[in-house]
Amino acid sequence: MEKKNGTAVYLHTDTKLTSFLDSLPDVDLEASYYLLVLSGPNKAGKKEFMKKLEKKMGVFDKIDLGTLINQYEEDSYQKINEVFTYIGETEKNLLLTNGDVLAGEYTGFTYSTVRYATPQEKYLLEKIKGSERFFVIEIQEFENIDKTLERYSQAIVRFQRPDTFFGKLFWNLRNITIHGHRFANKRPSSPAG
């Protein structure tokens, strides 16, 4: 585990991850929120982690951020408000998938040279902050975690690709794609967020 801007950052292979998971049921959500970011391309590792997390925290409702976030700010805000109206009536935890859209992947902010939080991301994070709920945001690319998301999250778990020869070989065979391949976002993070 390392600390980055006050946020705990774990590798999914870290031995301290078990004690981290054991501490989560003690989180007090009465006057706050908890935001956990799962980042990286290792989908199998994320799936396994979510099984362990659900054993500790209960079931997570899954919401695809790609259906909420688009280039039209007001439309995005309205959809986010609808989700928070819905969760206001439940006691469930939320898993927000496709979190890369927060970094402007599918909005008009894609071509900026420096990554700042998009207005849609800021709005969502403010809603999370006042929610008294447990949230997990799943992000494919490490580079899409900007300073704002780091500040709002309590922990980040990084799911790296395998580093052994056979692990790399099987990884590459499982992840061959022709259409729909996305490349890592190479924009540098902003100094201030």
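Modeller: Seven strands build an open sheet, ordered β1-β2-β7-β3-β6-β5-β4, with mixed pairing. Strands (E, at least two residues) and helices (H or I, at least four) are DSSP runs, numbered from the N terminus, and two strands pair if DSSP finds at least two bridges between them. β1 (2-4) and β4 (60-64) are at the edges with a single partner strand each, so one side of each has no neighbour in the sheet. On average, neighbouring strands are turned by 25 degrees against each other, direction ignored.

Modeller: A word on the source: this is a predicted model, where local features need pLDDT of at least 70, side-chain atom pairs count only at pLDDT 80 or more, and totals for chains, interfaces and linings use all residues. Residues are numbered from 1 along each chain as its sequence is written, and side-chain values use heavy atoms, with hydrogens and water left out.

Biologist: In which sense do β4 and β5 pair?

Modeller: β4 pairs with β5 (residues 93-97) in the parallel sense, over five bridges. There, Asp64 stands opposite Thr97 of β5.

Biologist: At what angle do the axes of α3 and α4 cross?

Modeller: Axes are lines fitted to C-alpha atoms, for helices over the stretch in contact, and angles run from 0 to 180 degrees between N-to-C directions. The axes of α3 (residues 73-87) and α4 (residues 119-129) come within 10 Å and cross at roughly 20 degrees. That makes the two helices roughly parallel, a label for angles under 35 degrees.

Biologist: Which residues make the contact?

Modeller: Contact means heavy atoms within 4.5 Å. Among the residues involved are Tyr77, Ile80 and Phe84 of α3 and Tyr123 and Leu124 of α4.

How values were computed:
Angles under 35 degrees count as roughly parallel, over 145 as roughly antiparallel, 65 to 115 as roughly perpendicular and the rest as oblique.
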